[in-house]
Structure formats: structure tokens, C-alpha cells
Amino acid sequence: MTLKLHNFFRSSTSTRLRAALNLKGLDYDYVPYVLRTGETRTPEYLAKNPQGLVPTLEREDGSFLTQSLAIMEWLDETYPEPALLPKDPDGRARVRALSQMIALEIHPLNNLRVLFRLRDQFGADEEAQKEWFTHWVTLTFDALEAELSGSDQTGLYCHGDTPTMADCCLYAQVWNNKRFGVPLDTWPVISRIYAELDKLPAFQNAAPPNQPDAA
């Protein structure tokens, strides 16, 4: 039995984990779900992931891992090479911080269930949802750009010249931004790093349009 990735093609959390699995060279069975129709709210799926969120990684022994950052750290500890986190404590702290800027500051405010809540409770139409999304992206991407451009630890990628967990998060978020028409022009370092990542098969193969359930 191989790993099974329960995910959705357009989910940024799923995209970042697909990139990490690809970087590790790990094979996995792709199990798709449609979030808008509630396929992750069924009793069967909730038995795998009580939050009803994606991604969920099903291990060979039939147990389940949830939360993309936690899964990526598990991957690094279980399959150490190539590493998603630097070896030195300072480098690990920086990569975790860059990752969390995206995963903990942008994503929780901009994921699908939040946008649905804005629509259903407050009557936010598509334009209002886009303005909400863009506001939170811009707030954190401005800070992320400053950190990346102001640090000599930034290399070809977010941290040095090897892709890390931070790059998986950045790449996935840029794809999410594209869906809402958020341009990268004002963030040249982020734009450059994304372009470099998009040259790598591990990231290309993780991109939303390249998934079997892409629509």
C-alpha cells in the first residue's frame, strides 16, 4: 500500500503538500474531493479528518495525518532527504516563520469556508470577497517581500538555493492569488522565487491545473 493523499486540486494547503511529496520523490494515490459540494463533510471523511478539511495524508498502516505544515514536518522526519527544513536551528526558525506567514496569517482568513461565511452571513458578493482576499494577501505579502528582500539568507528560493517548506507554501499561495486576480507586480522577490519554483517538475506537477480533478 502506498500513501494516499485526500485533497482538492485547487486547495492551496493541498498544493503545498503535493509539492512537498514531489520534492521527496514519494509516490501517492491521489484521492480527490469537491469542497463546494460538501464531500469532506460526510461521516466517512470526518472519520479520517474530524475537521472536514483537506489535505489528509493516509499512511500505509491506515492511520491519518492532518494539517499540511504538520504533515510536511512529519515527512521531513520520516524521509529526511531532500530536507524541507534547514539543519541549523536559526535556519529552521526562519523557514518556519516564512511558512507560517502564509499558512497562519493569510490562509485562515481566505479559505473557502470563511469566504462562504462572508457570503451567507454578511451578503458579500464576489467582488467583496475578492477585496477581502486581496486585503489579507497584500498585508502579509508586503511583509514577506520585505523579509525576503532584506535578508542575505534569501537565495534562489526563500531560504538559500534549495526549496524548503516555505517555498511550498509560497508557490501554493501564488496559485491561489491567481484565482482571485491578485498580480505579483508589486512583489519582485516573491515573483522571482515563484518563477524559479515553477521551473521545477516537483512544483509544476503540484500545480492545480495539472491535477486529475482539475476543472
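Is aspartate 120 buried or exposed? I looked it up in what is a predicted model, and aspartate 120 is exposed, with a relative accessible area of 56%.

**Entry: salt bridges**

I stayed with aspartate 120 and checked for a partner. Aspartate 120 makes a salt bridge with arginine 119, and the closest N and O atoms are 2.7 Å apart. Arginine 119 comes out as partly exposed, at a relative accessible area of 37%.

How many salt bridges are there? I get a count of six salt bridges.

Next I went to aspartate 76. I find aspartate 76 in a salt bridge with lysine 24, where the closest N and O atoms lie 2.5 Å apart. I checked cover on both sides. Aspartate 76 has 11% relative accessibility, so I noted this residue as buried. Lysine 24 is at 8% relative accessibility, so lysine 24 also goes down as buried.

I then looked at glutamate 196, which forms a salt bridge with lysine 199; here the closest N and O atoms are 3.3 Å apart. Lysine 199 is exposed, with a relative accessible area of 55%.

**Entry: a charged patch**

Which residues gather in a patch of negative charge on the surface? I wrote down Asp125, Glu126, Glu127 and Glu131. I followed up on one of them, glutamate 126, which sits in helix 6 (residues 126-149). Its relative accessibility is 71%, so glutamate 126 counts as exposed.

**Entry: aromatic pairs**

I moved on to the rings and found eight aromatic pairs in the structure. I opened up the pair of phenylalanine 133 and phenylalanine 180: the ring centres are 4.0 Å apart and the planes are at 10°, so I call the pair stacked. Where do these two phenylalanines lie? Phenylalanine 133 is in helix 6, while phenylalanine 180 is in the loop between helix 7 (165-179) and helix 8 (188-197), so the pair ties together parts that are 47 residues apart in sequence. Both phenylalanine 133 and phenylalanine 180 are buried.

I took tyrosine 171 and tyrosine 194 next. They form a stacked aromatic pair, at 5.3 Å centre to centre with 20° between the planes. Tyrosine 171 is in helix 7 and tyrosine 194 in helix 8, 23 residues apart, so I noted that this pair too links distant parts of the chain. Tyrosine 171 has 0% relative accessibility and so counts as buried. Tyrosine 194 is buried as well, with a relative accessible area of 7%.

**Entry: asparagine 177**

While in helix 7 I stopped at asparagine 177, which has its place there. Asparagine 177 is buried, with a relative accessible area of 0%. How far is asparagine 177 from asparagine 22 in sequence and in space? I have 155 residues apart in sequence and 22 Å apart in space, C-alpha to C-alpha.

**Entry: backbone checks**

I looked up two cis peptide bonds. The bond from valine 54 to proline 55 is cis, with omega near 0°. Proline 55 is in the loop between helix 2 (43-46) and strand 3 (56-58). I also have a cis peptide bond joining glutamate 81 and proline 82, with omega about -10°. I place proline 82 in the loop between helix 3 and helix 4 (89-110).

Last stop was glutamine 67. What is its phi? I get a value near 70°, which is positive in a residue other than glycine. Glutamine 67 sits in the loop between strand 4 (64-66) and helix 3. At 44% relative accessibility, I put glutamine 67 down as partly exposed.

Definitions and conventions: Residues numbered from 1 in each chain as written. Predicted model: local features only at pLDDT ≥ 70, side-chain atom pairs only at ≥ 80, totals over all residues. Heavy atoms only, no water. Patch = residues over 30% accessible without salt bridge, like charges linked within 9 Å, V, L, I, M, F, W, Y side chains within 5 Å. Areas by Shrake-Rupley, 256 points an atom, 1.4 Å probe, with all protein chains shown as cover. Salt bridge = Lys/Arg side-chain N within 4 Å of Asp/Glu carboxyl O. Lys, Arg positive; Asp, Glu negative; His and termini not counted. Charge placed at Lys NZ, Arg CZ, Asp CG, Glu CD. Helix = DSSP H or I, 4+ residues; strand = E, 2+ residues; numbered from the N terminus. Buried < 20%, exposed > 50% of the residue type's maximum accessible area, 1.4 Å probe, protein only. Phe/Tyr/Trp six-rings, centres within 6.5 Å; stacked < 30°, edge-to-face > 60°.
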